[in-house]
Amino acid sequence: MSVQSWKEKLDGQLPEELSAEVDTFETQIEQKKSGQIDDRVFAETRLRRGVYGQRYDNGQRFDGQITKRLEYPCGELFKGPDTYWDAPGMQRIKIPFGGLTADQLDVMADLAEEYADDILHITTRQGVQLHFVHIEDTPDLMRRLASVGITTREACGNSIRNVTACPISGVCRTETFDVTPYSKALATFMLGHPDCQDFGRKVKIAFSGCAHEACGLTSMHDLGFIAKTQDGKVGFEFYVGGGLGAVPHQAKLFDDFLPAEEILPMSQAVCRVFARLGEKANRARARVKFLLAKLGLEEFQRLVQEERAILPHDDAWTAYLDDLDSYKEEPLKIAAPLNGAAKPEGYDAWASTNVYKQRQEGYVAVTVSLPLGDITSDQTRALADLSRKYVKDTIRTTVEQNIILRWVSESDLTQLYGELVALGLGEPGAGTIVDVTTCPGTDTCKLGISSSRGLAGELRSQLAAQSMSLDESIKNFRIKISGCFNSCGQHHVADLGFYGNSRRVNGYTVPHFQVVLGGQWTENAGSYGLAMGAVPSKNIPAVIECITGNYVANRQGDESFQDYVKRIGKKEVKNMLTDLTSVPAHEEDASYYVDWGESREFTVGDMGKGECAGEVVTLVEFELSGCETESFEAQLQLDEGNYEAAYKGALSAMLHAAKALIKTQWLDVPDAADEIVKEFRERFCDTELFYNQFAGPKFANYLFRVHEEEISEYTQDVAHRVIEEGQLFIEQAYACYGRMNVVNA
Ligand code: HEM
Ligand code: SF4
């Protein structure tokens, strides 16, 4: 008897258009196999369906406890960016506003079990990722998702990504109104929209129910909507051009009141302008934030409004507004207080961090903490059953990589807690210092430099062990970690942020993290932190102890961490860290040369002793570290409001880093900026020596642009941008030098 395929099984049950799309993708995979489709076309095709390449890392994965080996025979597999196109990859799944049903959880649990490594990973934008998925399995995976109303369409690629929203909207005690229907309507409207198919890069959208909390993180999105009412009308403060990435930008206020009926057409108009005028050739400058910076807010507004005025009318813009009641959630159980029920051990600690009293009397939203954002298939299925038992389909993922069950009756809390504990899902500490956010990092991401998940796992267990003795003032700190400067772990908006990089020390490449302090999580990610310097990965726990210890000992009254950092000054913070920046010799302590969660020495392929270039090593390293100091001083100028000095300091740091590299070839390089830039271009850019493996000439172009640009007004934004760019330029100078040193060795 022949086994029925998923295509046959689900025939007629999927939306026609989606079903046809998956069929096409299946054909394209066949074409790719037989070499009939251009590689670049196939790459964009699969990315638009959420199918990413991933680092295979010899089939290993750190799960927060141990490094597991995964059996996926696929030719000769190896670590690094050059994994085979059909080696197991990552499948990103879009979850608009993080909303899930129990049936959807069940299906994803099955998919993780059958096609991936048995783990569902919740992302920093409320999505779900499965790793180690074979590309041949993706069409069936997509069909099965479509059968429960989920799409992976435009989960990656140059498209509108997952639309996010506060995970407690609708039940929040302080929201202006529930943003769920609006976020859902915009996500649906934009999905596959013809005006959203020709972007130079991705567009991210977020909704927030209020301005003061963090949930929506609207400031760091390309389009951000904050709920607002005016004269009895429902609408939004509308922001544009925010974003993280290597150079973070705060979004700018486009309109202080956009009526609800305008959010779809206005977003469409922004997309049209972005598709028409946004950068296409240079990916590094292809986000909305760069177009906004290039045009200026006023011109951007004018163009968008002009576009809005000529848009052909579409009924979909407002159709959903007639049906807002259909978005209303209902509880499964009647509301009742938790009267005198016996409380199991650990309950109080868990309830103090993981239970949120809803504005609806007698109901709570329960956060299920997921260390590193991971949940197994069995846990997921069991969680689906718990949601059927205690609530209806009122499940949400969060940007802090947890899952929330809404509408739990208070009277069920102790029993629910007991069941979560039995499933290994009862950890306390949601939204506190132990709830560390992390991107996939070197475990599965090809761009990862240091192990963000390894570090997060280590910090979580160290901090959880100390949780009873941690001072109240630091308990709610946010720690966020990215494996590289791209900031997928959102390190810019944490109290304590870290992003991965590396340094050549004693002839070895050593994993490091940049320490980023002073980011603000509240007020929708209201401000970004600045880098304080690179510290060896193995010293990051000590960095946290040092900084938080100093804060607890020296804070004045109830001073916030951000205010404390401002008061003592970044120079002082950097001084505190000086001792932690050094790396012992390999013979003295080899553990510094192995990243967290790894069993092998750091990036074996990069290893090599640069003995033959000893003298030059010393000189260049010395000079580059001087550039870091210069860049740091530019940050101090920025803090003091001296924008011109900050700008010029950052440019000078870049020029000196370029000069340091030129000196490896020509010691007598002159001091004049024009000469440095000319020599650098010829020796390091034209030769591609300074090229980044993934970003090409991106960082070199920072120098060329800043050197040439004429500034009419030195604003905070302009100075901040050049400082960020300068730091990345210096990072790249280190990387370039590291590579040269390996070649020389
Ligand atoms: C040049 C390449 C990349 C850049 C510039 C980049 C940048 C970003 C930024 C800024 C965010 C999150 C902040 C936000 O919420 O807006 C993000 C999200 C994310 N990134 Fe990346 N990223 C890159 C490549 C990758 C790769 C290769 C992976 C892993 C395979 C990855 C994994 C993630 C994940 C899991 C998220 C949350 C995504 C979601 O649910 O939509 N990123 N990325
Ligand atoms: S921050 Fe870097 S390492 Fe982490 S997922 Fe993004 S690109 Fe990969």
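Predicted model: local features only at pLDDT ≥ 70, side-chain atom pairs only at ≥ 80, totals over all residues.

**Stop 1: Y182 and Y320**

The structure holds 29 aromatic pairs. Start with Y182 and Y320, which form an edge-to-face pair.

Now colour by sequence position. Y182 belongs to helix α6, residues 180–190. Y320 is in the loop between α10 (316–319) and α11 (347–354). The two parts are 138 residues apart in sequence, so this pair ties them together.

**Stop 2: F690 and F729**

Move to F690 and F729. This aromatic pair is tilted, with 35° between the planes and 4.9 Å from centre to centre. F690 sits in the loop between α22 (673–685) and α23 (698–708). F729 sits in helix α24, residues 716–744. The pair ties together parts that are 39 residues apart in sequence. Both F690 and F729 are buried.

**Stop 3: a ring cluster**

Select F177, Y182, F207, F225, F236, F238, F254, F300 and Y320 together. Ring pairs link these residues into a cluster. Y182 and Y320 from the opening stop are among them.

**Stop 4: charges over rings**

Select K538 and W596. The charged end of K538 sits over the W596 ring, 4.9 Å from the ring centre. Then select R681 and F704. Here the charged end of R681 sits over the ring of F704, at 3.9 Å from its centre.

**Stop 5: I119**

Select I119, in strand β6 (residues 119–122). I119 counts as buried, at 8% relative accessibility. The separation is 18 Å, for residues 280 apart along the chain.

**Stop 6: E21 and R153**

Side chains of opposite charge can pair when their charged atoms come close. The structure holds 52 salt bridges. Select E21 and R153, which form one of them. Their closest N and O atoms are 3.1 Å apart. E21 is in helix α2 (residues 16–33). R153 is in the loop between α5 (138–146) and β8 (160–165). The bridge links distant parts of the chain, 132 residues apart. E21 counts as buried at 18% relative accessibility, and R153 counts as buried at 17%.

**Stop 7: D222 and R287**

Next, select D222 and R287. Their side chains meet in a salt bridge, 2.7 Å from N to O. D222 lies in the loop between β9 (203–208) and β10 (223–230). R287 lies in the loop between α7 (263–277) and α8 (288–295). The pair ties together parts that are 65 residues apart in sequence. How accessible is D222? D222 counts as buried, at 0% relative accessibility. R287 is also buried, with a relative accessible area of 9%.

**Stop 8: K328 and D325**

Select K328 and D325. Their side chains meet in a salt bridge at 3.3 Å, N to O. Both residues, K328 and D325, are exposed.

Finish with K7, D23, E26, D140 and R143. Salt bridges that share partners join these residues into one network.

How values were computed. Residues numbered from 1 in each chain as written. Chains lettered and ligands numbered in written order. Heavy atoms only, no water. Phe/Tyr/Trp six-rings, centres within 6.5 Å; stacked < 30°, edge-to-face > 60°. Helix = DSSP H or I, 4+ residues; strand = E, 2+ residues; numbered from the N terminus. Buried < 20%, exposed > 50% of the residue type's maximum accessible area, 1.4 Å probe, protein only. Lys NZ or Arg CZ within 6 Å of the ring centre and 35° of its normal. Salt bridge = Lys/Arg side-chain N within 4 Å of Asp/Glu carboxyl O.
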